[in-house]
Every structure is written in C-alpha cells, then in structure tokens.
Amino acid sequence: MSTAKFFDERTDQSEVKARIVQKYFYAWANVIMPTAQKNGGRVAYIDLYAGPGRYKDGAASTPLLVLEHAIADPKLASMLVTLLNDSDGNKTSTLQNEIDALPNIGNLKHKPVVSCGEIDEEAEKYFNQVKLVPSFSFIDPFGYKGLSLKIIKGVIKDWGCDCVFFFNYNRINAGIGNQAVADHMDALFGKARADALRAKLPGLSPELREALILEELAAEIKALGGTFVLPFTFRNASGTRTSHKLIFVSKNFKGYAIMKDIMAKESSTEDQGVPSLAYSPADWSMPLLFSLQRPLDQLRASLLTDFAGQELSVAQIYERHSVDTPYVLKNYKEILAALETEGKVTVRSLKGSRRKGTFADHLLVKFPGGGNGE
C-alpha cells in the first residue's frame, strides 16, 4: 500500500492509532504545562511524517486534531509550538492550506511550522544537537526508511520529551534477513543487535520471532535512555498475525502509566480484567482467539513472592512491578484487596481513617515473611 493510499482509506486500526496518540498528547500536555510555564513557557508537538492533514473522506488526521484541541484550550494555545514535516511537497502544501483554514487558528500564539524534507542523517544530527522544549513526538513512517535509533534518541533526550513511533512489523520482520535493506535494519536495531537477530531468527516460530524482535528493540531503546518502552500491537483482519505496532518511549513512569491506561482502553480484549494491549478486528467476532491465561492468578503469585517481607505503598508496588507487563493499576488494587480479605497481607494508612472497600495509592501494604532469614 502506498502512503497516498493510506490517506485514502481510514481503517479501524488507523482510528485506534490516532486516538491513542491524541489522548496521550492531551494528557501529557496537562501534566507538563505547569512546569514548562516556569521554564520558557513552551511545549511542542512534533510530527515527522505529518501527511496532508485529512483523509479522502474529509476526516482530520492527527496533526489537525491536535491543533483543534490546542485552539480550544487557551493555556495550551499560548504555549504550543508545532513542527509538522513530510517529505512530499504536495502533502505539506495541502496540510498548510488545511491549517490555514482551521477556525480560530489565530488563537495559537506560535504559528505552526510546516516543513518539507527527508528524515535523514541531517535530521538525526539536528534532533541530537538542539535542546528541545518539552515535546511529544510522533514518528509514523510508512515502512522503515527514516526510522532510526538516532532519531528516537534525539527526540527523547531532553526533559519532558516522550515519543510514539510506528513499527511496521510485517516489513521489518521480512527486512531483517534481507541484505538489500541491511543499512535500514542496522539503523533501527544497532548493528550488533541486528546481526544477533539475523543469527537467531531463522527457524523460530512466528510467535518467538515477534517476541525476540520486540525484546531486542526495547533493549536497544532502553540502552540509549528510553527507560520505559510500551508496545501496542495491531493484528491482521483474521487476528492470526501481527501487522504493526505502536511503540511508546518515555523516561518517566508517570507518562508510562498514563499511556498504559490509554492503550488498555483501546485494547480489543482483556482476560480477568488485564488488557491485551492489542487491537484486532477479529477479536470482536472470535473472542476465544485471545487465550485464557488467567493473568491475575499469575500477578497474585508474583506479588507474594517478589515483595515477601516488605511494606510498600500501593503506588510503589505499581511502579516497581508493572513495567514491561500488561497490568494496569486497577489490576493491582483488585488483587491487593483480595489478599487483604484473605488475610494474606495487612494494610494500614498513615493518613487517618480509611473508607471501607477503598484502596488508595498511599495505603501501605505489608507482605508476609520471606523466609530464609529475610
């Protein structure tokens, strides 16, 4: 599918992707703005593959929706700096016209900047050398050209900077073993990891290939400073294969927790209340496709083992335990409440009385024993 055709057709997946990006931008801006206001007073939305602004059916794509939201929010309108880029001059020209036609576009203190250029080594150098204001970046190439570790590192290196990038799993899975695109794969995984993948992937099942590719990508991103990496998976129409992923990168747990809640709500299935962090059109018609792994039972056992003999707040438990798992805060509160009812943990509050049946973030949970003199 060409990029032009992508903007012709608005699929369920593209709508889910757009909602995830927009919801996070709004939540991120609300968290970041109070601090940013004291340090220069600007926050940024950066879209490196912005497209023409609208699908052929007239629906606005993410850049226009972000601008419309900012126009309607006086505080954000006074602080938002927008950088929108595309390599196709026809698209940027159309996008500029669409922006100019937005009602009350003059409400924005900083006029959106629309640029036309390839995301290449010059762009990598720019983002790695320039100190960014707090920014949320969306990197959504069609395929893998222009998606590199250096770009990701550049857009997350400064305070308050998070990013989401589109990971075309189908094309990358096929490209890892293809020498013709070896440079692109090396740019995305780092040469050492790309070589390791080329050696390990042959002969693996599709499920193990996917797990290993994601594991290596996340490890490389963490090595360059992206402390928290959270993928959201899109599957094909039959629900049998992964088509692409949306991958969120942040240096801050609060951002990670916010994005996980957003992705949880966009998941098409859940098991015992634990979200799949995946969307598949097939999930609505074939619910048994999502295997019943009883993940809450696994969480319960893990908490009793991992925190044996310790006393921590609910918030501390969530931050220390939930990273790189599908569990959201409500899953932890449900299990902790059950453990308290069964007398497996004790709970106390340092803030006076506690309303019956509630499990506030500040409550302290004491786990039994540990044994072996721990």
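Me: Buried means under 20% relative accessible area, exposed over 50%, and partly exposed in between (1.4 Å probe, protein chains only). What makes F367 count as buried?

Reply: F367 has 1% relative accessibility, so F367 counts as buried. This is a predicted model, where local features need pLDDT of at least 70, side-chain atom pairs count only at pLDDT 80 or more, and totals for chains, interfaces and linings use all residues. Residues are numbered from 1 along each chain as its sequence is written, and side-chain values use heavy atoms, leaving out hydrogens and water.

Me: Why is the pair of F307 and F367 called tilted?

Reply: Rings of Phe, Tyr and Trp (its six-membered ring) pair if their centres lie within 6.5 Å; planes under 30 degrees apart are stacked, over 60 edge-to-face, and the rest tilted. Here the centres are 5.6 Å apart and the planes stand at 35°, so the pair is tilted. F307 is buried too, because its relative accessibility is 5%.

Me: How do you know how α14 and α15 are oriented to each other?

Reply: They pack at about 120°, with axes 10 Å apart. Under 35 degrees is roughly parallel, over 145 roughly antiparallel, 65 to 115 roughly perpendicular, and the rest oblique. The two helices are therefore oblique to each other.

Methods: Axes are lines fitted to C-alpha atoms, for helices over the stretch in contact, and angles run from 0 to 180 degrees between N-to-C directions. Helices (H or I, at least four residues) and strands (E, at least two) are DSSP runs, numbered from the N terminus.
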